[in-house]
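This report describes selected parts of one protein model. Keep the sequence and the structure in view while reading.

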Amino acid sequence: MRLRLLATTDLHMQLTGFDYYADRRERSGGLTRIAPLIHTARTEPGVDLSLLLDNGDSIQGTQMGDIAAKRPEAPHPLMRAFTYLGYDALGLGNHDFNFGLEVLDRVLEQAPCPVVCSNAHRLDGTAPWQRMAILDREVRKASVATRLRIGVLAALPPQTMEWDAHILAGRMRVEGIVDAARETVSRLKAEGCDLIVALAHSGLAEAVAAPDQENAVIPLAALEGIDAIVAGHTHLRLPSHGPSSCPDRRVSEALIRGTPVVMPGHHGSHLGIIDLELQQGTDGRWRVDQANASLRPTDDCEDAVLTHLLAADHAATRAAANQPAGLAQEPMHSYFTFVAPDRGLAKVAAAQAAALRPFLESTALAELPVLSSVSPLKAGGRAGPDHYTDVPAGPLSMRHVADLHMFPNELRALVLTGAELREWLEMAAGVFLTPAPAGACDMLLDTSVPGHNFDSLYGLTYEINPSAPARYDTGGHLIAEENRRIGSLHHNGAPVNDRQKFVVVLNNYRTNGGGHFLMLKRGQPIPLPSLRIQSALHDYLSGRLPDDPLEQAPHPWRLAPMPGQSAILRTGPRARDHLDELAGRDVTDLGLDDEGFLCLRLGL
């Protein structure tokens with residue numbers, strides 16, 4: 001018998017293949033484009049049974065998701081799409097909790113199939129998901145009917161509790177991925193399951209299990225009893241035919257420690273397929289004899305029925321996204337955010353500061369300098385060459401507000417010392433690779449460090465020297481005491497004293513531990529009411545908040561001069577429309593690479 005597992009992951013509400021930030025069709029991706037691949041894969045010769053599974057991070061990510069979260073009375077477009085496509089089981093990802101448990105509860109009540117999460121437990125009531133599911137299916141071969149029992153477990157990163165602590169603390173707890181999976185496998189085996197599939201909203205990292213492991217797919221694959229894994233979270237693809245850094249991975253077959261694993265990209269870029277060739281033993285149980293995993297990329301073909309089903313949601317999203325929201329004097333984009341001033345980040349930084357200042361009035365903190373921390377949320381990377389902020393000069397709409405700050409983050413503020421700020425900036429500077437020797441040319445950015453970890457502190461000025469070794473690793477741990485990349489740290493032209501105190505406004509993701517900026521735990525939190533950064537930005541752009549002095553502050557950082565050295569910046573192809581902003585710098589256009597990124601060689 002051949003069992004075919006079809007999988008999606010990290011859809012992030014990209015249902016229609018449309019870029020609502022730019023108000024144009026995407027070149028690829030979207031559930032309407034995955035749908036034809038699903039129909040084909042189900043009906044191909046030799047497939048005796050197919051199951052369709054989703055691996056989480058599905059309800060947040062586009063403005064359609066934002067709108068649906070605010071309309072509890074309306075059927076959710078994602079669940080209507082899942083119903084039409086006939087999904088068999090759904091897992092949960094960390095971003096599915098971004099809108100809060102009440103919203104998630106309402107969405108999951110509309111699910112057409114079991115929703116599974118084995119390591120997240122509600123403390124404040126009954127969860128709308130279950131710890132495991134058993135899919136009992138009848139299969140006919142040669143006029144003989146047999147039954148197959150497939151167990152499904154699912155897990156998400158324990159860090160979910162940190163990243164959304166402001167809405168989850170005291171209401172939920174999350175176990176380690178491997179420990180929860182081990183216990184759930186035992187339960188499913190006791191229930192007589194022939195096979196067990198793990199929906200792991202997790203990626204590939206350490207080869208052995210560790211407490212609170214975020215990316216645990218490799219040790220998960222070593223667990224006895226798991227027959228197949230759908231991975232995700234990191235927005236990568238597996239199988240991948242590029243170089244592999246994982247010693248346990250056979251790239252051609254996508255086997256990790258003998259277990260087939262598929263990771264189908266993000267935003268509906270690919271359909272994942274795992275084919276399991278099964279043999280029935282003398283005890284009547286079915287077991288895996290052979291396994292194969294593959295990916296099928298989407299093209300421009302869309303499912304007409306699903307497109308029609310989502311037409312009203314699509315129209316409502318476009319209408320809401322194009323509501324007026326202010327005026328921009330200059331274009332704002334993130335194509336050069338790692339090498340030059342980013343007007344969009346400056347605007348967000350000013351909006352955050354303007355929203356905070358009223359809460360500091362008539363308090364002991366009113367005399368402290370106010371700084372604002374921002375980082376690029378749309379800057380290519382794993383999301384691809386079209387994933388950049390790009391807001392033209394002129395009238396602004398709500399889609400531009402979302403383009404400038406795409407997540408439903410809330411405003412937070414901390415009191416920090418100059419010494420703590422210096423360590424914070426050292427961690428942020430880890431995004432740069434050490435440049436190649438003079439005459440050579442290497443990539444500018446370390447792809448193992450997320451671009452959104454590059455925090456800039458508006459209100460300060462400082463120099464970043466990438467030729468020095470990084471001070472912190474990606475987990476926030478000190479590499480060496482002597483490693484320093486940050487120099488000339490000043491406020492209002494004067495050197496920052498280690499004991500000097502500052503008020504810093506930032507987002508809840510960073511204060512909750514996102515990015516492993518461990519030094520922020522030493523900061524003194526300032527009590528604030530719940531306030532979305534998008535709302536503050538809208539108020540600032542529309543003039544409801546006063547202009548903030550930080551908008552006129554100098555660009556915070558500069559790269560230390562490195563004569564004779566150069567590096568390659570990978571950016572979006574539309575950056576060519578803005579190359580005049582790099583006038584006077586040594587810039588060579590190297591063309592597009594295999595993934596569609598524009599490569600610019602920059603003199604340092």
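## Helix α11

Ser362 comes after α11 and has a positive phi, near 65 degrees. The model is a predicted one. α11 itself covers residues 343-360, which makes 18 residues. From its first C-alpha to its last, α11 reaches 26 Å, close to the 26 Å expected at 1.5 Å a residue.

At the start of the helix, a side-chain oxygen of Asp342 reaches to within 3.0 Å of the backbone nitrogen of Gly344. α11 is mostly covered, with 14 of its 18 residues buried.

## How α11 meets α15

Two packed helices are described by the angle between their axes and the distance between the axes. For α11 and α15 (residues 533-541), the axes come within 9 Å and cross at roughly 95 degrees. Angles of 65 to 115 degrees count as roughly perpendicular, and α11 and α15 are therefore roughly perpendicular to each other.

On the α11 side, the contact is made by Lys347, Val348, Ala350, Ala351, Gln352, Ala354 and Ala355. On the α15 side, Ile533, Ala536, Leu537, Tyr540 and Leu541 take part. An α-helix has 3.6 residues a turn, so residues three or four places apart point the same way.

## The nonpolar cores

The largest nonpolar core holds 47 residues, and the members that touch the most others are Leu31, Tyr87, Leu92, Phe97, Trp129 and Met172. Several elements each supply at least two residues of this core, among them the helices α1 (31-43), α2 (63-69) and α3 (77-85) and the strands β10 (172-174) and β17 (270-280). The largest share, six residues, comes from α1. A second, separate core has 46 residues, including Tyr335, Phe502, Leu506 and Leu582.

Which residues does Phe97 contact, leaving aside its neighbours within four places in sequence? They are Leu92, Leu104, Trp129, Leu156, Thr160, Asp164, Ile167, Leu168 and Met172. Of these, Leu92, Trp129 and Met172 are, like Phe97, among the core members that touch the most others.

## Ser118 in its loop

Ser118 lies in the loop between β6 (115-116) and β7 (120-122). Is Ser118 buried or exposed? Its relative accessible area is 1%, and buried means under 20%, so Ser118 counts as buried.

The side chain of Ser118 reaches the backbone oxygen of Arg131 at 2.7 Å. Not counting residues up to four places away in sequence, Ser118 touches Arg131, Leu153, Ala154, Glu175, Ala180 and Thr184.

Technical notes:
Residues numbered from 1 in each chain as written. Predicted model: local features only at pLDDT ≥ 70, side-chain atom pairs only at ≥ 80, totals over all residues. Heavy atoms only, no water. Core = buried A, V, L, I, M, F, W, Y, C linked by side-chain atoms within 4.5 Å. Buried < 20%, exposed > 50% of the residue type's maximum accessible area, 1.4 Å probe, protein only. Helix = DSSP H or I, 4+ residues; strand = E, 2+ residues; numbered from the N terminus. Contact = heavy atoms within 4.5 Å. Polar contact = N/O pair within 3.5 Å; in protein donor to acceptor, adjacent residues only side chain to side chain. Expected span 1.5 Å × (residues − 1). Axes fitted to C-alpha atoms, helices over the stretch in contact; angles between N-to-C directions. Parallel < 35°, antiparallel > 145°, perpendicular 65-115°, else oblique.
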